[in-house]
2 protein chains.
Amino acid sequence: MAGTDSTRASDLAPGPAIVLVEPQLGENIGAAARAMLNCGLTEMRLVRPRDGWPNPKAFSASAGADAVLEAATVYRNTGDAIADLQTVYATTARHRDMVKPVMTPTAAAADMRGEMAAGHKVGILFGRERTGLTNPDVTRANTIITAPLNPAYSSLNLGQSVLLVAWEWLKSGDATPPVQYAAGGSFPAAHDDVRDLLEHIDRELDAAEFYRHPDQRPAMQQNLRNIFARARLTDQETRTLRGVVARMASLRRRLAKKI
Amino acid sequence: MAGTDSTRASDLAPGPAIVLVEPQLGENIGAAARAMLNCGLTEMRLVRPRDGWPNPKAFSASAGADAVLEAATVYRNTGDAIADLQTVYATTARHRDMVKPVMTPTAAAADMRGEMAAGHKVGILFGRERTGLTNPDVTRANTIITAPLNPAYSSLNLGQSVLLVAWEWLKSGDATPPVQYAAGGSFPAAHDDVRDLLEHIDRELDAAEFYRHPDQRPAMQQNLRNIFARARLTDQETRTLRGVVARMASLRRRLAKKI
């Protein structure tokens, strides 16, 4: 996030088609559309949705991802839905008695990038809510995708399944730095500004007779320097703290005169 | 998945606490619990849930993740909810005017692993559905987590936000091979079995006078060998195909006698 809000669905690079096979609840179709658009995917294909199409419940659950639903195409069977695709992945939570490579969502996303870079059209099959994909549908796929979830509790709902796979697709092409410096309009202080602050503190601690024994000074100075090195002060914060130290120093001097 | 079903929630290694701040809909609390347990997380903390606690709608939406909801603890404010934690992350979709590191969910998960390996107790804050976390709540956190979603459509629902972060946590400690060989009880053929099959096919093509010109043979043999190298036949499939070739060969011989 933290990006511009000007990207339109039509600006998005093409991604894999999301094929929902016999989805039952409109709410889940809407949640799938939302998850797709969150991750920049826009091509939804529906095989025999149970409650017909268009389904108003899908639109009310999509939280604004209407464009994905409006462009969705409907097919009579899985074969028709994947007829123009070169490469098909089948998502399944359970082991199938089939000889076929099984990829994690992460590995599958990388694999899809390779397929699409070669110009192949790619689709991902998701099964109906309770029972998943049939064996004939899994057989049609080139590759199985299975997420290595908690084996005691591995069933995802349809929207969440689509989110995981779409999220891995998005990440596989995303260049966001893993750790970003969120500046809030300011800039990290240069090291000499922090050093000036620390030397100011050092002088005031001496003037306030903080150290009962001079041997304590080196360890304390090192601790203070480590604290400020970790804190990564901004230039504004450095000026603020110098103001705090200066204010306390002037109070100390005034009080010292009165004694 | 494809694992044993014997893992119990109590067997799971400890993970970060999921702190839902002022969640509004019970359904979303249930979806969050489900996403947590999918990814092996069990510690849920609730700050002032709008509709009180326990909330029957959360239980009906949790699809069997009741144990997470039953163990959830409730707090009057965010400060109390994180009082015993050493390290706190705040999830937010939008830029905050604060100087604080911002990590992707992937980087944050790796960071949490480091924190927990050092014995620190970790929690992740998620805000209320419409408005997210308040600035004072984000200020309490050591680190911000922001997912680099489609900038034109970056709002996730609560259950989906929890799923993304919990999924990255799970993956950061998961050793599943990215690509697995799903054998369905059989084993890949040894190369000499495949070579025997190919030589059988070569002989039959010659006998059937497939090649109009002998120069065609080397290219065809290379093509056939590449097809079978990609297909990665199992030992059973190799035997099946030898049976197919043998049957067609015997038919050819019988027909040849009749002519």
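How many residue pairs are in polar contact across the interface of chain A and chain B?

## Basis of the model

This is a predicted model, in which local features need pLDDT of at least 70 and side-chain atom pairs count only at pLDDT 80 or more, while totals for chains, interfaces and linings use all residues. Residues are numbered from 1 along each chain as its sequence is written, and side-chain values use heavy atoms, with hydrogens and water left out.

## Polar contacts and salt bridges

Across the interface of chain A and chain B there are 24 residue pairs in polar contact, with both residues at pLDDT 80 or more; such a contact is a pair of N or O atoms within 3.5 Å, where within protein one must be able to donate a hydrogen and the other to accept it, and residues adjacent in sequence count only if both atoms are side-chain atoms.

Two salt bridges are counted between chain A and chain B (a side-chain nitrogen of Lys or Arg within 4 Å of a carboxyl oxygen of Asp or Glu). One of them joins A:Glu168 to B:Lys171, with the closest N and O atoms 2.6 Å apart.

## Extent of the interface

Chain A and chain B each give 66 residues to the contact (heavy atoms within 4.5 Å). Together they bury about 5,200 Å², of which 59% lies on carbon and sulfur atoms; buried area is the accessible area, taken with a 1.4 Å probe, that two parts lose on being put together, summed over both.

How values were computed: Chains are lettered from A and ligands numbered from 1 in the order in which they are written.
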